[in-house]
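Please examine the sequence and the structure shown below.

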Amino acid sequence: MLNVHESAVLSTGAAEVWAAISEFGNLAEWHPAAVTSTIETRGDDTVRVINISGGGVLTEKLEAHDDAAMSQSYSIIDGPLPVADYHSTIKVTAGNDGKCTVDWTGKFNADGADDETASKVISGIYTAGLSALTKRFGQA
């Protein structure tokens, strides 16, 4: 499996950042690649359907959500990304002086692309989201 990890240190407190990103269905409110994101219930599963800028639909399943740990994990059910067996976690950690760190990690296999290309695609998604958070909350 391939692993990608990106992080950003923000100049805003962890609770405020977590409040902005913790709602599984609000990805379009903070990630620039998401045009819309909606939540559906499929059986016992919570699923996020994301319309991606440039076209395409990405469907993700919420695997775990922990407000106390400020952590959320999800997997991809279907979509145009060149990955399979994708599992990801986004986590906010409180730091010193009212700052926080957002870590975004993913494990997956390349599918339809070589390992380097698949890793670059996922890294680009994480980096775009973290850059948007940095613009919104300030970089420490």
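Leucine 62 stands opposite tyrosine 74 in strand β5. The model is a predicted one, in which local features need pLDDT of at least 70, side-chain atom pairs count only at pLDDT 80 or more, and totals for chains, interfaces and linings use all residues. Residues are numbered from 1 along each chain as its sequence is written, and side-chain values use heavy atoms, with hydrogens and water left out.

Strands (E, at least two residues) and helices (H or I, at least four) are DSSP runs numbered from the N terminus. Two strands pair if DSSP finds at least two bridges between them. Between β4 and β5, which run antiparallel, there are seven bridges. These strands form a hairpin with four residues between them, and methionine 70 in the turn has a positive phi of about 50°.

## Strand β3 and other pairings

Strand β3 (residues 45-52) is joined to β4 by five bridges, and the two run antiparallel. Valine 57 in β4 is the bridge partner of asparagine 51. The hairpin of β3 and β4 has four residues between the strands, and its glycine 54 takes a positive phi near 90°.

Strand β7 pairs with β1 through nine bridges in an antiparallel arrangement, where asparagine 3 stands opposite lysine 107 of β7. β7 is also joined to β6, again antiparallel, by 10 bridges. In that pairing, alanine 110 in β7 is the bridge partner of valine 83. Five residues lie between β6 and β7 in their hairpin, and aspartate 97 in the turn has a positive phi of about 55°.

Glutamate 60 belongs to strand β4 (residues 57-66). Is this residue buried or exposed? Glutamate 60 counts as buried because its relative accessibility is 4%; buried means under 20% relative accessible area, exposed over 50%, and partly exposed in between (1.4 Å probe, protein chains only).

The side chains of glutamate 60 and arginine 48 are joined by a polar contact of 2.6 Å. A polar contact is a pair of N or O atoms within 3.5 Å; within protein, one must be able to donate a hydrogen and the other to accept it, and residues adjacent in sequence count only if both atoms are side-chain atoms. Residues up to four places away in sequence not being counted, glutamate 60 touches several others, among them Phe24, Thr46, Tyr74 and Ile76. Contact here means heavy atoms within 4.5 Å.

## Aromatic rings

A pair of aromatic rings is described by the distance of the centres and the angle of the planes. Rings of Phe, Tyr and Trp (its six-membered ring) pair if their centres lie within 6.5 Å; planes under 30 degrees apart count as stacked, over 60 as edge-to-face and the rest as tilted. By this rule the count is five aromatic pairs. One of them is the tilted pair of phenylalanine 24 and tyrosine 74, at 6.3 Å centre to centre with 50° between the planes. Phenylalanine 24 lies in the loop between α1 and β2 (34-42) and tyrosine 74 in strand β5, so this pair ties together parts that are 50 residues apart in sequence.

Phenylalanine 24 counts as buried because its relative accessibility is 4%, and tyrosine 74 is likewise buried, with a relative accessible area of 4%. Ring pairs link Phe24, Tyr74, Tyr86 and Phe108 into a cluster. Arginine 48 lies over the face of tyrosine 74, at 5.1 Å from the ring centre. A charge sits over a ring if NZ of Lys or CZ of Arg is within 6 Å of the ring centre and within 35 degrees of the ring normal.

## Helix α2

Helix α2 (residues 115-137) has 23 residues and reaches 33 Å from its first C-alpha to its last, close to the expected 33 Å. The expected span of a helix is 1.5 Å times one less than its number of residues. At the N-terminal end, aspartate 114 caps α2, with a side-chain oxygen 3.1 Å from the backbone nitrogen of glutamate 116. Just after α2, glycine 138 takes a positive phi of about 90°.

The buried residues of α2 include Ala118, Ile122, Tyr126, Leu130 and Leu133. Among the elements that cover the buried residues of α2 are β1 (2-10), α1 (14-21) and β5 (71-78).
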